[in-house]
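Have a look at the model below.

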Amino acid sequence: MPTERVTFAGPGGHTLAARLEQPGGPVLATAVFAHCFTCTKDSLAATRISRRLAAAGIAVLRFDFSGVGQSEGAFEETTFSSNVDDLVAANEYMAERGMTPSLLVGHSLGGTAVLAAAHRLPHIRAIATIGAPASPLSVTRQFEDALPEIRENGEAEVLIGDHAIRIGADFVRDVESTTLKDKISDLDKALLVLHAPLDEVVSLSNATEIFKYARHPKSYVTLDTADHLLTDPRDAEYAAGMITAWAERYLDLRPPAPPIGAPEGIIRVSEADPSGFLNDVQAGPRHHVLADEPEAYGGTDQGMSPYGFLSAGLGACTSMTIRMYARRKNWPLRHIRVDVRHDKVHAQDASMPTMPHKGVDRFIREITLLGDLTDDQRERLLQIADKCPVHDTLKQTSVVETHLLEK
């Protein structure tokens with residue numbers, strides 16, 4: 001999926017840097033992602049979630065707040081309110097491009113910012129927060145020892161995680177005077193709250209508070225053992241998948257009609273983890289799965305292997321073909337199970353003497369048919385299994401062995 005580097009004018013006169021993740025096909029909706037405190041638009045969570053949404057047809061603008069990453073400005077001169085203003089400016093920029101956002105996603109303090117900005121963005125229909133504080137004031141707990149110095153000197157350098165940053169007194173005064181309870185209570189948008197019970201930076205009580213204040217429709221998803229920054233790719237992937245599935249319910253993601261005579265569709269496979277083998281597999285705007293390799297082969301085992309997908313295609317097609325025939329005949333077939341194994345054998349072992357020195361793929365199907373079927377009906381359904389279109393495709397270069405299991 002294409003990623004476009006863009007810049008836009010922030011409300012403070014600074015130029016803000018951003019990346020626009022574009023879907024490979026039609027743009028069905030647009031989202032803006034707000035990163036966590038001291039993070040950037042290129043954090044693992046921001047990147048992974050934005051790309052997953054793009055795979056589902058949702059364009060995503062992820063940007064650096066003023067004074068962060070590649071955006072202009074001094075961090076010590078920013079405030080929580082200026083972050084909210086930046087977020088509004090990002091939405092206005094996308095609207096000017098003819099891509100008015102309908103979804104906001106915010107991580108940590110970015111999540112608090114999207115809650116604060118929502119009342120200024122009537123076009124937004126859904127909001128997702130990840131590990132968000134219920135109040136921006138809670139962020140000061142990360143540098144509370146430096147608060148006296150900040151108040152006395154106007155700013156101080158603090159260490160948050162691995163980042164040494166300067167915090168200004170205006171930021172502290174701003175978060176101390178900002179409350180969100182009323183804004184959350186008045187949200188006229190769908191809300192998804194994602195939070196990890198073991199989050200040591202923003203406690204779970206914040207998610208409880210946000211959820212309590214918000215009106216329906218609202219949803220909560222636990223991120224289990226994830227840390228605050230979702231540093232484990234699996235946690236970022238899980239959060240991305242949950243947001244994508246949830247957003248489809250509240251956004252109008254109807255794809256345009258395909259041209260007359262168009263084929264069934266295209267399967268798009270996009271690399272998700274260049275350091276391993278994880279791939280996003282997208283079939284249109286609604287069907288998404290992961291492909292990967294086992295850990296023993298250098299993968300992270302988050303999805304089926306390519307050969308697993310091949311076997312799954314054969315098994316699914318076999319089951320569907322049998323069901324279609326049995327339904328037409330009105331036979332009492334109650335359930336179908338197809339087990340598929342795959343291996344490679346020498347051609348002569350597969351009774352293919354024309355290729356004596358070549359290896360071929362062998363797929364072994366074991367079919368279980370449940371129901372009050374006669375022996376003749378079971379035998380006929382076994383024959384019908386060989387009429388499966390995927391079987392016809394594979395047998396041109398592969399050998400498919402089919403066995404009917406006993407009841």
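This is a predicted model: local features need pLDDT of at least 70, side-chain atom pairs count only at pLDDT 80 or more; totals for chains, interfaces and linings use all residues.

Q: How many bridges join strand 3 to strand 4?
A: Two strands pair if DSSP finds at least two bridges between them. Strand 4 covers residues 58-63 and runs parallel to strand 3. The number of bridges joining them is 6.

Q: How many of the residues of strand 3 are buried?
A: Buried means under 20% relative accessible area, exposed over 50%, partly exposed in between (1.4 Å probe, protein chains only). In a regular strand the side chains alternate between the two faces of the sheet. On one side of strand 3, Ala-29, Ala-31 and Phe-33 are buried, and on the other Thr-30, Val-32 and Ala-34 are buried. Strand 3 (residues 29-34) is largely enclosed by the rest of the structure, because the buried count is 6 of the 6.

Q: In what order do the 3 strands of the open sheet stand?
A: Strands of a sheet pair through backbone hydrogen bonds, either parallel or antiparallel. Here the pairing is antiparallel, and the order is 11-12-13.

Q: Which residue is the bridge partner of Arg-268 in strand 12?
A: Strand 11 pairs with strand 12 (residues 279-283) over 5 bridges, in the antiparallel sense. Ser-270 stands opposite Asp-280 of strand 12. Arg-268 has as its bridge partner Gln-282.

Q: Which residue in strand 13 is the bridge partner of Ala-283?
A: Strand 12 also pairs with strand 13, antiparallel and over 5 bridges. 4 of the 5 residues of strand 12 are buried, so strand 12 is largely enclosed by the rest of the structure. In strand 13, the partner of Ala-283 is His-287.

Q: Is Arg-48 buried or exposed?
A: Arg-48 is found in helix 1 (residues 44-55). Contact means heavy atoms within 4.5 Å. Leaving out residues up to four places away in sequence, Arg-48 touches several residues, among them Glu-237, Asp-280 and Leu-290. Its relative accessible area is 7%, so Arg-48 is buried.

Q: What is the handedness of the disulfide of Cys-36 and Cys-39?
A: A disulfide is a pair of cysteine sulfur atoms within 2.5 Å. A search of the whole structure finds 1 disulfide, and the sulfur atoms of Cys-36 and Cys-39 are 1.7 Å apart. The torsion about their S-S bond is about -70°, so the disulfide is left-handed.

Q: What is the relative accessibility of Cys-36?
A: Cys-39 is buried, with a relative accessible area of 11%. Cys-36 also counts as buried, and its relative accessibility is 2%.

Q: How do helix 2 and helix 3 stand to each other: roughly perpendicular or roughly parallel?
A: Axes are lines fitted to C-alpha atoms, for helices over the stretch in contact, and angles run from 0 to 180 degrees between N-to-C directions. Helix 2 (residues 80-96) and helix 3 (residues 109-117) pack at about 70°, with axes 9 Å apart. Angles under 35 degrees count as roughly parallel, over 145 as roughly antiparallel, 65 to 115 as roughly perpendicular and the rest as oblique. That makes helix 2 and helix 3 roughly perpendicular.

Q: How do helix 9 and helix 10 stand to each other?
A: Helix 9 (residues 306-329) and helix 10 (residues 375-385) pack at an angle of about 130°, their axes 9 Å apart. Residues that meet include Thr-318 and Tyr-325 in helix 9 and Arg-380 and Leu-381 in helix 10. The two helices are therefore oblique.

Q: What share of the 407 residues is buried?
A: The protein has 11 helices and 16 strands. Its C-alpha trace spans about 90 × 45 × 40 Å along the principal axes. Of the 407 residues, the buried share is 50%.

Note on methods: Residues are numbered from 1 along each chain as its sequence is written. Side-chain values use heavy atoms; hydrogens and water are left out.
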